[in-house]
Amino acid sequence: MFGRVDTSAIVGIEGRRVIVEADYGQGLPAFDMVGFLGSEVREARERVRSALKNTGIPVPPGRLTVNLSPADLRKTGNGFDLPVAVAIMTALGILPQEMTERCSFVGELSLDGGIRGISGVLSHVILARELGKECCIVPRENEREGAAISGIRTCGFSELREVMQFLLTGDYGEAPPDGQPDEKMPEHMPDFSEILGQESVKRAAAVASAGMHGLLMIGPPGTGKTLTAKRIPTILPPLTEDEQIECSRIHSVAGLLDPSEGLIRMRPFRSPHHTVSASALVGGGVMPHPGEMSLAHNGVLFLDELPEFPKSVLEVMRQPLEDHVVIISRVHGSYRFPTRVMLVCAMNPCRCGYYPDRNRCKCSEAEVHQYLSRLSRPLLDRIDIACEVPRVDIRKLSDSGVSGKDSAALREMVVRAWEIQKERYRGLGILFNSQLQGRDIRKYCVLGKAEQELLTEAFEKLELSARAHDRILKVARTAADIDGAEQIGTAHLAEAISYRAADRKFFGG
Amino acid sequence: MDDRERGYFFLSQVAANTAGRSLELLRELEPSELLEISGNEIPGFGIPADLCEMAEYERLRDPALLDTLYEQTEKKGLRFLSREHPDFPEEFLQLPDLPAGIYVRGELPGKTQQKVSIVGSRRCSEYGKECAFFFGKELAKAGVHIVSGMALGVDGYAQRGALSVSESVSFPEGHRFTTAILGGGADICYPRENIGLFRSILDSGGCILSEKPPGYRAKPYDFPKRNRLISAYGACLAVIEAAERSGTRTTVDHALSLGKDVFAVPGRIGERMSLGCNELLKSGAHMLTCPEDILQYLGLQVQSDTKKPVRILMSPEEKEIYDCIGEDPVLIDDLLLRSNFPVSLILEILIRLEMKGAIQKSALSGYVRVLT
């Protein structure tokens, strides 16, 4: 007797169809599992056997063979227990094949027949929908996550017995919770109005957000660099539905999705510590896993203490920053992880943090130089905006009673700029000014006569490097978009030039 | 090379490795006789020579070795000038511990050219760098030759300032801008970071000078001795910036013991890097606030055309922001409080004013007026 059940394996962040076949026949009692299995999948045999027994399903002595196909795809992960159990029950004639065929299964079993939550449910449900399944059976813990995908019914169960019940009677029980659970916002959202002063930094953060430009903040400790970075997601426009699914998928595969939340609704903010390894940053492993860059997809990747990151780690970010995708190649195939992030970095100007304040900084010039030279030019070239975060006099600020711009006001600016860019770059495959390259820069960042003169003068007087040219134009375009201006004006250009000032001062152009 | 020169050359080679005490031999002997004396006889001249020194002495006494060393020196583009050589700078002759000779790479400045030594801290502030460059440049414009140690910080910036003039102002053929006196051999660029400066000094026709033979790597105790050459070479000594305890102090002491006048740039009180200079001023150094202070001292013509203030044209908005900026660094946040302009406009105005040369970014994250 034979049973067949659909499930999926996770490759990168995609689901790949896997068919579980079970065959039961006469012979010496045996239970074999084949099909290029990882050790956690091979161990499913023991879990399934006990789970079946403890659910009250007798497996009569005989020869039982389970095959997971395709045979050339390595199966890893803990979601194969449930489909294997269901395939066996089908082979034993306990469950009707025409019922199991209409569903796709995923879940881990415990020995007592319970079903445990797994990671990567979203990709599984999406694949099931593509395959035209009616229903996707997932662990109850992951039900909410799966329910976010429309066009397929997701049923969550916490016991094998319930799955059996459902397949025998077709009784869906109560309607599952819909995919859009209550918009639960955190009680306290960080807000830019909490940062006193530093208006120039806030402005830089807003411009960077408006064009998804890389942002580098340089300043002594305790001046609000981290505070600013943490508030950047609050001024980015909310995630679109597609983006929500995309982000949730990555988090789901990484096992980082909160089961009670369903989809990710807030823009991700990831700040890996500087001890992070290269593969933890861009993704990697024997079976590649998404890295911090992918987890920050559609959001903010914040690297605090930038020069403390090992050079080798920073250098691997260069290509994913450019291409917005990281491709990891392994013997069994290559894996794609999206990495469209806004890069935000913070650093001290020297090891002690106080350079060039010679009353406090005790670093020699060579030490300062060495500290700054840890950042390679190619990496700095991917950061369009560099701003200084000066030490401010707190008393003066709190006396003034000025609270400055809050996140809502800044977000309004950013949203407007995003809409203009979306309209302008329709059909070009890009979304933001920061993605402009080569010919497109000259096409979209046109300068008038006065602006051209200003730029030429700035290059002469301020000793800017040729590299700065394109970045200034792109940032100027964003500044113009914030104002809703068709043409880049001298004001926009001057502002863009001013964002090169810190770069010039510390890195000499 | 005659016998006397040879004797001095021998002695300068020995001196490099014997902390200079072997020079005392010259009190009793003629340089030409030196090579005749074996190491064993040295103690007879009242010099407490230990074994190591004597071994070194004996090793170098080999005429063939000396010839090779002399050849090597020339091959490296260095010239050995003994203290009796006609080209040997007269300024050094006043030194109580006159070196046996010096090694020169490049061209020494003319004997009639006025020389000023500029020194200061290696770990200077941004202000110190700016000052060093400014004085180096302005004095060089007036034709003064700048002497310094090519160190990081003030020394290097003063020399860069002097070299910056070489393109804009034309001087008669043979005019030299700056001399670097090193603690190690003149063929080695120390500190390595200043290799660019090292090259441009030579390119400008200036010179690198040392009392140590080529290939000699400077030890920490060589620098205070080097400083005596710096203070001796200049007609006066200018200290730009110095902390309370600093190598600059030894240069000043040497200058004072040679009877040279010391100029010091006053600093803000309370700043670590100002303590040294302010202390010098308190104990009687000349106040150095503008290049004319030194030019007048040297009796040089003060060029008046540099003093003409340039009028910078500004729009009313630029003027408003400019009026908020003084000599102390002003942050953008302060400007926001004092004016009613949005941030983006302030950023624009600041860049424009910076390009007009009216203000500049200060070292401490803010803007200051440019000194006129």
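1. A:M212 is found in the loop between α8 and β10 of chain A. The model is a predicted one, and in it the phi of A:M212 is near 50°, a positive value in a residue other than glycine. Is A:M212 buried or exposed? A:M212 counts as buried because 25 C-beta neighbours lie inside 10 Å, and a residue needs 20 or more to be called buried.

2. A:N298 is not a glycine, yet its phi is positive, at about 70°. Its place is the loop between α12 (292-295) and β14 (300-303) of chain A. A:N298 is buried, since 22 other C-beta atoms lie within 10 Å.

3. Helix α8 of chain A lies across β10, β17 (342-347) and β18 of chain A, and runs at about 170° to β18(A). Strand β10 (residues 215-218) of chain A pairs with β18(A) in the parallel sense, over 4 bridges. Within this pair, A:M217 stands opposite A:C387 in β18(A).

4. These strands belong to an open sheet in chain A. The sheet has 5 strands in the order β11-β14-β17-β10-β18, with parallel pairing. Which strands stand at its edges? The edge strands are β11 (269-270) and β18 (385-388) of chain A, each of which pairs on one side only. In general, strands of a sheet pair through backbone hydrogen bonds, either parallel or antiparallel.

5. Chain A as a whole may be described briefly. Chain A contains 23 helices and 18 strands. Its C-alpha atoms fill a box of roughly 90 × 50 × 45 Å along the principal axes. Of the 509 residues in chain A, 48% are buried. Among contacts in chain A between residues at least 6 apart in sequence, 74% join residues at least 24 apart.

6. In chain B, a cis peptide bond joins B:Y190 and B:P191, with omega about -5°. B:P191 lies in the loop between β5 and α6 (195-203) of chain B.

7. Strand β4 (residues 145-148) of chain B pairs with β5(B) in the parallel sense over 3 bridges, and the bridge partner of B:V147 in β5(B) is B:T179.

8. How many strands form the open sheet of chain B that runs from β1 to β9? There are 9, in the order β1-β2-β6-β5-β4-β3-β7-β8-β9, and the pairing is mixed. Strands β1 (78-82) and β9 (286-287) of chain B each have a single partner strand, so one side of each is left without a neighbour in the sheet. Strand β8 (residues 261-264) of chain B runs parallel to β9(B) and is joined to it by 2 bridges; here B:A264 stands opposite B:M287. Helix α8 (residues 248-257) of chain B lies across β3 (115-119), β7 (236-239) and β8 of chain B, running at about 155° to β7(B).

9. Chain B is divided into domain 1 (3-75), domain 2 (115-306) and domain 3 (316-369). The C-alpha centres of domain 1 and domain 2 of chain B lie 33 Å apart. The contact between these two domains takes 5 residues from each. On the side of domain 1 that touches domain 2, α1 (3-17) and α3 (63-75) of chain B give two or more residues, and α1(B) gives the most, with 3. The residues of this side divide into 1 nonpolar, 4 polar and no charged.

10. The contact between the chains takes 29 residues from chain A and 28 residues from chain B. On the chain A side, α22(A) gives the most, with 5 residues. By class, that side has 12 nonpolar, 7 polar and 10 charged residues. As for confidence, the predictor gives the complex an ipTM of 0.74 and a pTM of 0.77. The mean pLDDT of chain B is 86, and 93% of its residues reach 70 or more.

Methods
Residues numbered from 1 in each chain as written. Chains lettered and ligands numbered in written order. Predicted model: local features only at pLDDT ≥ 70, side-chain atom pairs only at ≥ 80, totals over all residues. Contact = placed C-beta atoms within 7 Å. Nonpolar A, V, L, I, M, F, W, Y, C, P; charged D, E, K, R; others polar. pLDDT = per-residue confidence, 0-100. Buried ≥ 20, exposed ≤ 12 C-beta atoms within 10 Å, placed from the backbone. Domains from an automatic or database assignment. Pairing = 2+ DSSP bridges. Axes fitted to C-alpha atoms, helices over the stretch in contact; angles between N-to-C directions.
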